[in-house]
Amino acid sequence: MLLNDVLERYGYDFTEYAHASINRRVNHLFQADRFPSFAEFRYRIISDAGYALRFVEEITVNVTEMFRDPQFYYALRQQVLPVLATYPLIRIWHAGCSTGEEVYSFAILLKEAGLLHKSVIYATDINTSVLEKGRTGIFPLSQMQQYSRNYMEAGGLEDFSSYYTANYEYAKFRQDLGGKIIFSPHNLVTDGSFNEFQLIICRNVLIYFNKTLQDKVLRLFCDSLEPLGFLALGSKESLNFTSVSAQFRQLDGREKIWRKHHL
């Protein structure tokens with residue numbers, strides 16, 4: 001009932017998210033904000049657009065880090081970038097990008113491969129407040145030691161600190177990286193395709209959707225990829241048992257990277 005209200009009032013469709021995950025997050029917010037009854041909680045969401053945004057932020061999961069799962073980035077560097085290098089213009093869609101750490105990670109890969117100058121990365125998320133954070137390119141300095149380790153394990157070629165300027169408690173990433181990233185709102189549940197891409201990255205988003213919604217989103221990705229384009233998902237995500245699986249070939253058994261067949 002609550003999810004239907006949110007869909008009707010604000011256009012955010014969470015009705016096909018995995019029930020266990022969404023129930024846990026709804027209950028967490030209800031208890032954290034100490035509503036006396038669920039009816040009052042529901043009324044607040046429906047009547048207060050500002051609080052509804054808080055609800056959306058709580059429901060959408062925003063856990064990320066730079067070069068998360070370094071071997072995944074190493075595989076992109078070794079197997080995907082040499083193919084992308086053959087295109088005159090490289091278009092990448094990073095869907096469900098959260099606050100942008102993984103988007104900047106891929107921009108660094110492109111920079112080191114000499115491809116950033118002819119690339120555009122479209123970074124999208126349902127949550128507009130995390131997109132604002134991504135646009136700044138500013139992340140906590142306390143995370144940089146871990147990110148540097150991840151970067152080296154991903155086959156990093158430079159001194160990681162050369163990509164940002166440290167300022168008090170924050171690290172601001174270089175403008176030449178951010179200048180190739182377009183942060184924009186996009187709802188995977190309700191919005192359609194908006195371009196044709198050679199690479200789509202969407203990691204650890206589908207695990208929060210039920211099977212029907214996963215299939216719908218994967219069809220969207222398939223329609224948005226050029227023939228021979230690449231699709232990269234999270235470590236616990238798969239194309240198996242979906243309507244598009246026959247149109248892709250997995251690059252290797254370890255990383256979740258597929259290539260679309262030529263039609």
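With 263 residues, the protein would have a radius of gyration near 18 Å as a compact globule, and its 19 Å agrees with that; the radius is taken over C-alpha atoms, and the globule rule is 2.2 Å times the number of residues to the power 0.38. The model is predicted: local features need pLDDT of at least 70, side-chain atom pairs count only at pLDDT 80 or more, and totals for chains, interfaces and linings use all residues. Residues are numbered from 1 along each chain as its sequence is written, and side-chain values use heavy atoms, without hydrogens and water.

The C-alpha atoms fill a box of roughly 55 × 50 × 30 Å along the principal axes. Of the 263 residues, 51% are buried (under 20% relative accessible area, 1.4 Å probe, protein chains only).

The structure contains 25 aromatic pairs. Rings of Phe, Tyr and Trp (its six-membered ring) pair if their centres lie within 6.5 Å; planes under 30 degrees apart count as stacked, over 60 as edge-to-face and the rest as tilted. Two of these pairs are tabulated below.

| Pair | Centre to centre | Angle between planes | Class |
|---|---|---|---|
| Tyr122 and Phe197 | 5.7 Å | 75° | edge-to-face |
| Tyr151 and Phe160 | 5.2 Å | 40° | tilted |

Tyr122 in strand β2 (residues 119-125) and Phe197 in strand β7 (residues 197-202) are 75 residues apart, so their pair links distant parts of the chain. Phe197 is buried, at 0% relative accessible area.

Tyr151 is likewise buried, at 0%, and Phe160 is buried at 1%. Both belong to one aromatic cluster, whose members include Phe67, Tyr104 and Phe183.

Definitions and conventions. Buried < 20%, exposed > 50% of the residue type's maximum accessible area, 1.4 Å probe, protein only. Helix = DSSP H or I, 4+ residues; strand = E, 2+ residues; numbered from the N terminus.
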